[in-house]
Amino acid sequence: MTTTYREAMRAALRQALQEDERVFLMGEDVGRYGGCYAISQGLQQEFGETRIRDTPLSESAFVGAGIGAALGGMRPIVEVMTVNFSLLCLDQIVNTAATLRHMSGGQFSVPLVIRMTTGAGRQLAAQHSHSLECWYAHVPGLRVIAPATLEDMRGMLRLALEDPDPVIIFEHNALYNREGELTEVAVADIRRAAIRRPGKDITLICYGGNLHKTLEAATASAESGIDAEVLDLRSLRPLDDETILASVRKTRRAIIVDEGWHSGSLAAEIGMRIAEQAFYDLDAPLARVCTAEVPIPYPRHLEQAALPQVESIVGKVREVMGQNV
Amino acid sequence: MSAPTSQVSREQGLRWLKDMIRVRRMEEKCAELYGQEKIRGFLHLYIGEEAVAAGSMPELSAEDAVVATYREHGHALLRGISMNAIMAEMYGKREGCSGGRGGSMHLFDAKTRFYGGNAIVSGGLPLAVGLALADKMQNRQRISVCFFGEGAVAEGEFHESLNLAALWQLPVLFICENNLYAMGTALARSESVTDIHRKAESYGIYSSAADGMDVVSVNTAVRAAVTRIREDKKPAFLEMRTYRFRAHSMFDPELYRDREEVDQWKQLCPIATLTAQMKAQQLIDDRDIDGIEKDTAAEIHSAVEFAEGGHWEPVEDLTRDVYTESR
Amino acid sequence: MSEFRLPSLGADMEDATLREWFVKPGDKFKKGDIVVAVETNKGIIDVEIYDAGTIEKILVEPDTRVPVGAVLANYVSDSTRMRISPAARRRARELGIDPVNIRGTGADGAITVEDVLAAAGPAAPSAEATQAYKPESSQETRREPGREAKPSSATELEPAAGMRQAIAAAMTRANKEIPHYYLSTSIDMTAVLHWLEQHNARRPLPERLVYAVLLLKAVALALRKVPEMNGFFTNGETQVHAAAHIAVAISLRGGGLVVPALRDVQMSSLDKLMTDFSDLVNRARGGHLRASELQDATITVTSLGEQGVETVFPIIYPPQLAIVGFGSIVERVRAVDGEPRVRSTINASLAADHRASDGHRGGLFLAEIDRLLQEPEKL
């Protein structure tokens with residue numbers, strides 16, 4: 001069935017709301033407005049104001065309320081409009097959601113799902129273009145996932161709701177309008193990374209909004225005789241070391257494509273894990289394609305230059321393969 | 001606004017006295033144990049403020065939820081967590097009410113719906129709002145009570161939470177324990193308006209202030225607020241004017257307040273005040289107090305023994321309880 | 001690898017006696033460091049080194065007299081330190097190849113696994129073949145028919161898993177691509193053993209020969225008569241080689257085997273062959289084979305006599321044309337001049353590529369080996 005990522009997530013929300021009375025959605029402009037990215041359009045008419053709950057601009061309070069409601073037996077889906085605004089509720093996520101289970105000696109779990117849009121690329125400038133997934137992926141007690149395919153966009157929410165602990169879903173803004181063929185929803189997974197393109201020469205590790213760029217780069221690299229394998233992480237925390245290492249041990253080379261800034265990035269973490277566990281399997285230095293160390297600039301050409309692109313990925317692939325240009 | 005003390009019955013008064021003395025003596029023991037390095041980390045004592053917890057807890061039902069701060073030993077004890085479990089938690093033993101993982105600042109107990117032990121100032125308010133939201137959405141009649149200090153009032157989360165609770169008409173009782181100092185910062189040095197309960201009024205929340213050094217006054221205010229919440233299904237706000245006699249935490253030279261000020265407030269000690277009043281009215285005599293002190297000493301003695309005899313969690317279990325195991 | 005040689009410290013200096021080393025293997029040194037003291041006819045002189053690097057191996061012990069120009073030590077120069085990927089380094093070690101002469105094609109000219117495999121010769125597996133590795137019957141499992149073949153798996157064979165994979169890939173390819181035919185004959189070794197006994201009796205231990213050397217020489221000489229056993233089959237064509245570079249299968253103590261070549265065996269004296277053979281075995285087991293030794297073998301000889309095997313059914317190492325197997329020497333009753341006699345015999349078997357030769361030629365080849373071994377003094 002042909003659909004968009006936006007529709008896939010909306011269908012996932014609708015299904016969750018239909019299947020479980022404890023599920024409700026809250027966030028800024030999720031109701032009347034239909035969601036900043038029109039994800040929840042029509043849902044308030046369908047499920048009412050109580051379950052599609054507009055909140056004031058109080059990220060900390062409504063994320064904290066989501067935690068409390070989860071403790072109180074509900075299955076809240078909290079939409080923080082974008083990762084940029086999630087900095088206003090970082091305290092609740094990191095200090096409360098992630099720690100409650102542990103601090104209480106296992107007495108209280110927090111079955112909360114937080115959705116947020118992430119990523120740059122739409123000329124929204126420095127304050128609205130962050131990719132801070134790695135901040136959350138740093139924190140024990142959280143599960144962090146990122147759908148990259150239509151199937152995952154459609155199927156991950158349900159899996160997140162089934163999880164008894166807090167789950168953060170990062171949805172890249174570049175995906176919403178994307179259209180494609182939605183196959184089986186059952187293939188969605190939030191535990192295992194997926195090989196999206198098998199190859200034997202080099203592993204390209206990516207997630208979320210950069211999967212399509214990376215697949216394009218793999219196709220382009222094939223023209224130079226390089227057979228790249230593309231690995232979609234799906235889960236940013238915990239990382240599926242097993243799948244990552246199996247792929248790298250096979251190809252003996254790895255590039256991590258990550259829209260976060262280089263320093264202290266998820267790419268850095270993955271690279272380190274490979275170095276720790278697969279050093280003797282490596283046939284080339286590890287490499288990464290990340291965002292340049294600059295707040296995202298407004299002009300299009302500069303923004304594009306700052307972000308990972310198909311060309312920069314292809315260039316890095318050739319460099320690692322020893323095909324110096 | 002407080003009820004005349006003359007209305008206190010012997011039975012009621014003795015209970016409050018016992019509650020306050022239990023908290024006081026337990027904490028004094030904690031301070032001693034801290035000096036012996038049995039208890040470590042931060043230890044924030046409630047001494048001086050006992051009337052607030054003692055006057056509040058009896059008005060709550062078992063189904064209600066309590067959210068507190070890092071100065072929560074008294075709330076935990078009077079909510080019904082055993083002194084044994086609290087003491088073992090202070091020691092970091094497996095038998096503690098949080099399995100030893102939380103310590104002094106993070107007492108939790110599912111049985112009594114005691115949700116911590118939240119040590120980020122104002123961090124517990126959204127939690128209480130959420131608990132109340134869940135109750136409202138599930139048509140349950142219970143309420144959530146959130147204790148916090150006046151330092152939280154300067155935080156954004158305080159205002160966000162009050163607004164949300166009022167906007168969504170949630171059954172939350174906010175109890176601000178105004179002890180005049182956010183660690184070392186005096187209220188007047190941090191708030192443009194020091195009449196804290198008026199801030200709640202600005203959100204359209206029923207709000208009042210009470211003498212936090214007087215357990216009767218506290219109890220009267222809490223009873224009224226709880227009744228309103230149960231009837232109106234709306235939040236309420238109480239400002240309890242109180243004072244801590246001890247330092248903010250254990251390692252605090254108290255450069256920010258005068259000895260005389262502390263001594264003045266100590267004259268208002270809620271235990272001494274209630275004892276004197278009840279004696280004057282010949283409701284109790286020294287034997288009653290001695291009896292309470294003796295029982296309390298025995299309870300503390302056995303709690304310390306319990307904690308001493310508790311077990312350290314094996315290091316192999318280090319990463320337990322980060323995620324739910326069953327998933 | 002670089003060589004530190006005894007410098008000429010004066011026009012009249014021809015040699016010197018090494019007295020003392022100031023460095024040991026693993027030591028780093030700077031340009032100008034004094035590394036050794038030597039005694040010349042003018043007294044003891046400290047010798048400095050004009051490079052920076054790390055000592056790999058001391059080759060001359062103290063109190064040894066050596067001529068000017070003699071290599072005193074091997075070292076890795078900082079300037080020529082090679083770039084090699086961790087995976088390539090490991091694979092090279094597994095294959096017993098010294099990567100020093102391998103040309104790197106990876107990032108920044110680093111040596112990659114592909115480079116190592118290419119250097120290891122045509123028999124070495126491609127990355128693809130490595131991945132496709134499946135347990136196969138091979139020379140290794142056939143040699144012990146009495147023992148139950150263990151299921152092969154990568155984990156079981158660690159740390160030699162890479163080598164196991166290499167063998168697997170080569171043997172799989174051989175079995176898949178090469179139409180083998182097999183011939184076997186029993187050769188009387190009595191003359192060889194008799195000759196060896198007399199020959200060795202006159203010599204000190206280090207100079208004594210083993211019968212395997214005679215077998216190698218016989219194979220090499222037999223190739224002159226049946227050259228189509230010697231060379232390669234590639235791209236549908238047989239390339240016959242004149243020079244007999246005979247690969248010898250050497251099993252390693254840690255498991256696995258390598259097949260380095262002895263070059264120009266047809267031209268070598270038995271003594272030289274013996275020296276080369278010992279050296280090769282030692283280096284193979286120490287992991288110090290040269291890449292070239294693994295690349296240019298034109299035929300392989302495998303002997304499993306030590307294991308008590310009577311007959312070997314070998315598999316050709318692609319793209320070679322043939323492999324000769326020898327079992328152990330056993331005493332058998334044979335008819336000699338119409339009389340039953342107990343003779344020492346060895347079973348020689350041949351596996352040859354039917355695309356390059358026929359059984360008739362193979363038979364001739366074995367017969368020629370037999371004939372040559374009856375006159376050991378002429379080898």
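## Helix packing in chain A

Angles under 35 degrees count as roughly parallel, over 145 as roughly antiparallel, 65 to 115 as roughly perpendicular and the rest as oblique. In this predicted model, helix 1 of chain A and helix 7 of chain A are therefore roughly parallel to each other. Helix 1 covers residues 5-19 and helix 7 covers residues 150-162; the two pack at about 25 degrees, and their axes are 8 Å apart. Axes are lines fitted to C-alpha atoms, for helices over the stretch in contact, and angles run from 0 to 180 degrees between N-to-C directions.

On the side of helix 1 of chain A, the contact is made by A:Tyr5, A:Ala8, A:Met9, A:Ala11, A:Ala12, A:Leu13, A:Gln15 and A:Ala16. Helix 7 of chain A contributes A:Leu150, A:Met153, A:Arg154, A:Leu157, A:Arg158 and A:Leu161. Two residues are in contact if their C-beta atoms, placed from the backbone, lie within 7 Å. By class, this contact has 11 nonpolar, 1 polar and 2 charged residues (Ala, Val, Leu, Ile, Met, Phe, Trp, Tyr, Cys and Pro count as nonpolar, Asp, Glu, Lys and Arg as charged, and the others, Gly among them, as polar).

## Numbering and confidence

Residues are numbered from 1 along each chain as its sequence is written, while chains are lettered from A and ligands numbered from 1 in the order in which they are written. Because the model is predicted, local features need pLDDT of at least 70 and side-chain atom pairs count only at pLDDT 80 or more, whereas totals for chains, interfaces and linings use all residues.

## Contacts between chains

Of the 2 pairs of chains in contact, chains A and B share the most contacts. This contact takes 35 residues from chain A and 37 residues from chain B. Three elements of chain B, strand 2 (114-117), helix 5 (124-137) and helix 6 (156-167), each supply at least two residues of the side that touches chain A. Helix 5 of chain B gives the largest share of that side, 10 residues. The side of chain B that touches chain A divides into 16 nonpolar, 15 polar and 6 charged residues.

Chains B and C do not touch, and their nearest C-alpha atoms are 28 Å apart.

## Chain C as a whole

Chain C has 9 helices and 21 strands (DSSP runs numbered from the N terminus, helices being H or I of at least four residues and strands E of at least two). Of its 379 residues, 39% count as buried. A residue is buried if 20 or more other C-beta atoms lie within 10 Å of its own, exposed if 12 or fewer, and partly exposed in between, with C-beta atoms placed from the backbone. Among contacts in chain C with a separation of 6 or more, 63% are between residues 24 or more positions apart.

## Backbone exceptions

Most residues other than glycine have a negative phi, and most peptide bonds are trans. A cis peptide bond joins B:Gly116 and B:Gly117, with omega about 25 degrees; B:Gly117 is in strand 2 of chain B. Another cis bond runs from C:Pro318 to C:Pro319, with omega near 5 degrees. C:Pro319 is in the loop between strand 18 (299-303) and strand 19 (322-326) of chain C.

B:Gln282 is not a glycine, but has a positive phi of about 55 degrees. B:Gln282 lies in the loop between helix 11 (270-280) and helix 12 (286-308) of chain B, and is exposed, with 8 other C-beta atoms within 10 Å. B:Asp321, also not a glycine, has a positive phi of about 60 degrees. B:Asp321 is in the segment after helix 12 of chain B and counts as buried, with 22 C-beta neighbours inside 10 Å.
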